[in-house]
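Here is a short briefing to read alongside the model.

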Amino acid sequence: MLFTDWTLLRLFPPLRAMWAPVGTVAEVLITGENAKVVLFGAISLRTGHRVVVARARAAGADARAFLLELRQHYRGWGTLWLLADRATGHTDRQTQVLAARLDIRFVWLPKQAPELNAMDQLWRELKAVIAANRQAPTIAALAASAQLWVLMLSPTEARRKAGMLSPHFWLRDL
């Protein structure tokens, strides 16, 4: 059972509150360019194993490429259960046909409930650590940094940052 979600990273950094010496204003240097990349990711509910793939868009073809990548990582595991939102890339007819062929089943999370998706919580932490208040030299460098950050976390650290180790995690007893 895996939580899955995608997130959009932009070269133009998200601006967040930050510390600066008293009486000064913190500077965030930007180029004015605003390229983007989409990260598709999944985290295992049981093990904390993660898969992250960078794509140019979040369309149906990109979601299908991610499903193929997931199946490669989980060969021989039988049915994969994906807890996901109802993004159009997930609900697309071709995506559903491919998922069935790959023995992947979607379990739909309620709409407008990102707090239920552990991968969404991991993305939030990633953006605060990797992207906020600083601009990467290129969108490829930003994507690589983001992927490395997610994949280099220990399984326990990933599960903690995703909220899965909280005593209030909604699937704690599963």
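By class, how many nonpolar, polar and charged residues does the lining of the largest pocket have? The lining has four nonpolar, two polar and five charged residues. This is a predicted model, in which local features need pLDDT of at least 70 and side-chain atom pairs count only at pLDDT 80 or more, while totals for chains, interfaces and linings use all residues. Residues are numbered from 1 along each chain as its sequence is written, and side-chain values use heavy atoms, leaving out hydrogens and water.

**The largest pocket**
- The volume of the largest pocket is about 200 Å³.
- Among its lining residues are D5, D85, R86, K111 and D120.
- The lining also includes L109, P110, A113 and P114, along with Q112 and N117.

**T7**
- T7 sits in strand β1, which spans residues 2-10.
- With a relative accessible area of 6%, T7 is buried (buried means under 20%, exposed over 50%, partly exposed in between, with a 1.4 Å probe and protein chains only).
- Beyond its neighbours within four places in sequence, T7 is in contact with V37, V38, L39, W123 and K127 (contact means heavy atoms within 4.5 Å).

**R172**
- R172 lies in the segment after α6 (155-161).
- R172 is partly exposed, at 47% relative accessibility.
- From C-alpha to C-alpha, R172 and L45 are 9.4 Å apart in space, although 127 residues separate them in sequence.
- The side chain of R172 reaches the backbone oxygen of S166 at 3.5 Å.

Technical notes:
Helix = DSSP H or I, 4+ residues; strand = E, 2+ residues; numbered from the N terminus. 1 Å grid on protein atoms, 1.4 Å probe; cavity = no way out; pocket = protein on both sides within 12 Å on 5 of 7 lines; lining within 4 Å. Points joined across faces, edges and corners; volume = space filled by probe spheres on them. Nonpolar A, V, L, I, M, F, W, Y, C, P; charged D, E, K, R; others polar. Polar contact = N/O pair within 3.5 Å; in protein donor to acceptor, adjacent residues only side chain to side chain.
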